[in-house]
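Biologist: I would like a close look at one part of this model. Please take the packing first, then go on from there.

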Amino acid sequence: MNMRKKIVAANWKMNMTVGESAEWVRDFLLELGDIRDVDVVVVPPFTAIAKVTESLGSAQNIKVGAQNMHWERSGAFTGEISAALLRDLFVRYVVLGHSERRQLFGETDEIVNKKVKAAHEATLKPIVCIGETLEQRDGGKVEKVLSTQLRGSLVDLDAKQLQETTIAYEPVWAIGTGRNATPAQAQEAHAFIRQTLREMSDESVAEKIRIQYGGSVKPNNARELMSQPDIDGALVGGASLEARSFAEIVKAAREE
Ligand code: PGA
């Protein structure tokens, strides 16, 4: 039995107005209140971050995250947001290297690594996404892809920074498709990721790092996925847009 606290995050992507966000928080708190036994992170679009924080009020165990950031501290980067600007909004986590950013916006492991380092410097906790495409899976390249992305995205982190990084294993073929990895497939990938983390650091650091699964997590498959020994939570897209279904997923983490 590992001692890692589960971490479940709601990745709203490019959805949710300010008004919808406030309603979502109200509904979610009615379902669950301020929970302590699972780390819950709400990741709205930038435009709704302030409203989510305000709506959470005294529910201080529920943290707010951002979906991306730039690695520079400030300056002439029109359209970008820095870690300092996120901290100004009381943001605590930041999702980096999501496959949509890698595939649609050309983010490489090198870019992700710059962002991960900048996040740590600003004491934001990164959630670093990695995962293979269907073509890579069918070509037998899962381990190679995961190892390359993991090592490339986490270059030059010290043990403390590594421990405060969450990894999200998100097979690209399972994102938004309704086709989740089976618990056995996910566990196999998570065990490989933890083994790679051991090689990159040591046993005690690797045992502390939380690895979320993401890709079509729903209330009806969450419990089985999160009961696997190396699955320490979930990064939830579609099913997080509805407060009640996200609350069900958090409850599934709690019962594990
Ligand atoms: P999904 O997205 O739950 O809609 O598959 C997960 C993600 O992209 O983080």
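Which residues touch the most other members of the largest nonpolar core?

Modeller: A note on the basis first. This is a predicted model, where local features need pLDDT of at least 70, side-chain atom pairs count only at pLDDT 80 or more, and totals for chains, interfaces and linings use all residues. Residues are numbered from 1 along each chain as its sequence is written, and side-chain values use heavy atoms, with hydrogens and water left out.

Now the core. Trp 24, Phe 28 and Ile 167 touch the most other members, out of 68 residues in the largest nonpolar core. Such a core is a set of buried Ala, Val, Leu, Ile, Met, Phe, Trp, Tyr and Cys residues joined through side-chain atoms within 4.5 Å. Buried means under 20% relative accessible area, exposed over 50%, and partly exposed in between, with a 1.4 Å probe and protein chains only. Helix H12 (residues 243-254) gives the largest share of this core, 7 residues. Helices (H or I, at least four residues) and strands (E, at least two) are DSSP runs, numbered from the N terminus.

Take Trp 24. Leaving out residues up to four places away in sequence, Trp 24 touches Ala 10, Trp 12, Met 16, Val 42, Ser 240, Leu 241, Glu 242, Ala 243 and Phe 246. Contact here means heavy atoms within 4.5 Å. Another core, of 10 residues, lies apart from the largest one; Val 41, Val 43, Tyr 93 and Leu 235 are among its members.

Next, the ligand. There are 13 residues around the ligand, and Lys 13, His 98, Glu 170, Gly 176 and Ser 216 come nearest. A residue counts as near if one of its heavy atoms lies within 4 Å. By class, this shell holds 4 nonpolar, 7 polar and 2 charged residues. Here Ala, Val, Leu, Ile, Met, Phe, Trp, Tyr, Cys and Pro count as nonpolar, Asp, Glu, Lys and Arg as charged, and the others, Gly among them, as polar.

Backbone N or O atoms matter for the listing too. One of Gly 176 lies 2.7 Å from a ligand oxygen. One of Ser 216 also lies 2.7 Å from an oxygen atom of the ligand. Taken alone, the ligand exposes 280 Å², and the protein buries 97% of that. These areas come from the Shrake-Rupley method with a 1.4 Å probe; for residues, only the protein chains shown count as cover.

Ser 216 leads on to Asn 221. Asn 221 sits in the loop between strand E7 (211-214) and helix H11 (222-226). Its relative accessible area is 13%, so Asn 221 is buried. A polar atom of the Asn 221 side chain lies 3.0 Å from the backbone oxygen of Ser 216.

How values were computed: A polar contact is a pair of N or O atoms within 3.5 Å; within protein, one must be able to donate a hydrogen and the other to accept it, and residues adjacent in sequence count only if both atoms are side-chain atoms.
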